[in-house]
Structures are given as structure tokens and as C-alpha cells.
Amino acid sequence: MLFATRALSIAIIPFLLVAFVVLFFAPTDTGRWFAWTIKPSLTPMLLGSVYLGGAYFFARAARATQWHRIKGGFIPVATFASLMGIATLLHWEKFNHDHVAFWLWAGLYFTTPFLVAGVYLANRRYDAPGGGGQLSPPLRGAIAAVGVLAAGTSALLFLAPARAIEIWPWLLTPLTARVMGAIFALGIAAIGVLLESRRSSTLLMVEVASVMLVLIAIGAFRGRRDVDESRPLSWMFGVGFIAVITCCLAMLLGERRRGRSAGTNVGNSRSERTHRA
């Protein structure tokens, strides 16, 4: 782990935490506290959920000792930040240019893509190949399928916002559609299992996804009046999110049990050697 990777991770965390607090706890007051006014309240709560998940990721990255455990998050984050920067340029007039929050926003998204990509390219030279338990092929396929679905949704939202607005479960504008597209682009992390199948490389991504999805579920409950239940996508999203959250939590529970089992086996082995001695 390079110092630059740790330093960048630490530097990003405060911005994400502040954005989370503003968007998740004051979603109806974004015109006063944020870079632009976001309506309805469900959208800022969803974006805030993603920011807290990002803060958790970078907090873990700052403390990591092995690059392969965190590397899966850097390309998705760089993609997310790049799309957010492009969306800012495309919808420049929608932002509150007199608010300090906008300039923090612009500074973050006009620099972060290059910084995150830079530390990824620099740190990847120190990746240790092989070793550790492997994900089963069916599980890898299922995770990758979720990533492909997320990437397709991201492309629709970002490249064809007018079409996405017509079918989306809640009200979007061209700007918020593209912001949602950037959020779904984070899901490409799941495609990474096709190249890196170690469980230890996937675990943090599952933890981050769990944080985001649980908060999104809370936000969806709080903003349920914003959802148009007559649209089929509303129910598809509901079922899909529940399924993905369930699978993520099941994987985390399985890893915890596996770790306890391994610890118990090591302890028993040591006790046997001590007894024999």
C-alpha cells in the first residue's frame, strides 16, 4: 500500500461524510445546503447513502495493508466521479454557483477521477497474485450478472435520460437521471470478480454494497410517497434491492462463520501439538 493511496483515502472521507449528513438528514433543504436543489427528497437520500458507503470504503482503504483487498473499488469510484464531473458540465446552469458547496462539488469531481485513477495505476504494481480462498464459479457468475445489470442501467440513465425519466419509479430531471447513472456505475465493481476471484478481494466490496443498500432501503421507506407504484419498475426495483441486500448479508455472515471456523481449527491444532509435546 502506497502512502499516496492512504493520503487520498483520508482526504476524501470528510467531504463524503458532510455530503451524507446534508443529503440524508436534510433532503428537503438541498437548495440551502447543497450544490443545487434536488427534488424529490428520495434522490438526495439515495445519493447520501452512496456517500456514506464511499466514506466506509475509503476509511477501510486508509487502514488496509494489502492492495488486493481494496483494489476492486478504485475503478468504479473513478468511473462514478468522472460521470459526475461530466454531468456537472452538461448541466452547469442548474447549479448554485454562488454557494461554497458548488465549488467544493466542482473541485472534487474535476480532480478526483484523475487522482483515484492515478493511485490505482501506481499501486497495482504491488498487487500480490494468487492465494486465499476462491469464490465458486456459480457465485462469481451471479455477482458478475448483477454488475452487468447495473452497468446497463447506468448507461440508460446517463446516455438516454429522457427515456429513463419516462419509466423511472420516481421523478427525475435530466441532471438527476445522469447522477443516478453515475451511482449505478459503481455496480461495475461486481464485474471485477471475473478477473479477481479471491474471496478476500470481494469481501470489502460486499461490505460497502451492504452499507449503501441498507441506507437506500431506509431512504426509500422515508421517501416512499415519491415512488409511483403504478410503474412496473417500482416493484422490480423493490424485489431486486431486497434480493441483493439479502445475498450481501448472507455472504458476510458466511465469511464470518468461515473465519470463526478457521480460528477454531487453528486453536485446536495448537492445543493438540501442545498436548503431544
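Helix α9 supplies the largest share of the lining of the largest cavity, four residues. The model described here is predicted. A search of the whole structure finds one cavity of 30 Å³ or more. The volume of the largest cavity is about 40 Å³. Its lining consists of L135, R199, T202, L203, V206, M251, L252 and E255. Two elements give two or more residues to this lining: α9, spanning 199-222, and α10, spanning 232-276. By residue class, the lining of the largest cavity holds five nonpolar residues, one polar residue and two charged residues.

E255 is placed in helix α10. Its relative accessibility is 22%, so E255 counts as partly exposed. The cut-off matters here: buried means under 20% relative accessible area. With residues up to four places away in sequence left aside, E255 touches R199 and L203. S200 lies 55 residues from E255 along the chain. The C-alpha atoms of E255 and S200 are separated by 9.5 Å.

G254 also has its place in helix α10. At 27% relative accessibility, G254 is classed as partly exposed. W235 is 19 residues away from G254 along the chain. Between the C-alpha atoms of G254 and W235 the separation is 28 Å.

The overall architecture was considered next. The protein chain has 10 helices and zero strands. Read from the N terminus, its elements run α-α-α-α-α-α-α-α-α-α. The radius of gyration of the protein chain is 20 Å, close to the 19 Å that the globule rule gives for 277 residues, so the chain is as compact as a globular protein of that length. Along the principal axes, the C-alpha atoms fill a box of roughly 75 × 45 × 30 Å. Buried residues account for 43% of the 277 residues in the protein chain. Among contacts in the chain with a separation of 6 or more, 79% are between residues 24 or more positions apart.

A144 gives an example of a buried position. This residue sits in helix α6, which covers residues 137-159. The relative accessible area of A144 is 6%, so A144 is buried. Not counting residues up to four places away in sequence, A144 touches A190, I191, V193 and L194. I188 is 44 residues from A144 along the chain. The C-alpha atoms of A144 and I188 are separated by 8.3 Å.

In the lining of the second largest pocket, 16 residues are nonpolar, one is polar and none is charged. The lining of the largest cavity, by contrast, includes two charged residues.

Backbone geometry was then inspected. The peptide bond from K39 to P40 is cis. Its omega is near -5°. P40 is found in the loop between α2 (30-33) and α3 (42-63).

A disulfide is a covalent bond between the sulfur atoms of two cysteines. A pair of cysteine sulfur atoms must lie within 2.5 Å to be counted as a disulfide. By this rule the count is zero disulfides. C247 is in no disulfide, and the nearest cysteine sulfur, that of C248, is 7.1 Å away. C248 is likewise in no disulfide, with the sulfur of C247 as the nearest cysteine sulfur at 7.1 Å. The two cysteines fall into separate accessibility classes. C247 has 47% relative accessibility and so counts as partly exposed. C248 has 9% relative accessibility and so counts as buried.

Definitions and conventions:
Residues are numbered from 1 along each chain as its sequence is written. This is a predicted model: local features need pLDDT of at least 70, side-chain atom pairs count only at pLDDT 80 or more; totals for chains, interfaces and linings use all residues. Side-chain values use heavy atoms; hydrogens and water are left out. Buried means under 20% relative accessible area, exposed over 50%, partly exposed in between (1.4 Å probe, protein chains only). Ala, Val, Leu, Ile, Met, Phe, Trp, Tyr, Cys and Pro count as nonpolar, Asp, Glu, Lys and Arg as charged, and the others, Gly among them, as polar. The radius of gyration is taken over C-alpha atoms; the globule rule is 2.2 Å times the number of residues to the power 0.38. Contact means heavy atoms within 4.5 Å. On a 1 Å grid over the protein atoms alone, a cavity is a set of points where a 1.4 Å probe fits but cannot get out, and a pocket is an open set with protein on both sides within 12 Å along at least five of seven lines; lining residues have an atom within 4 Å of a point. Grid points are joined across faces, edges and corners, and a volume is the space filled by probe spheres set on the points.
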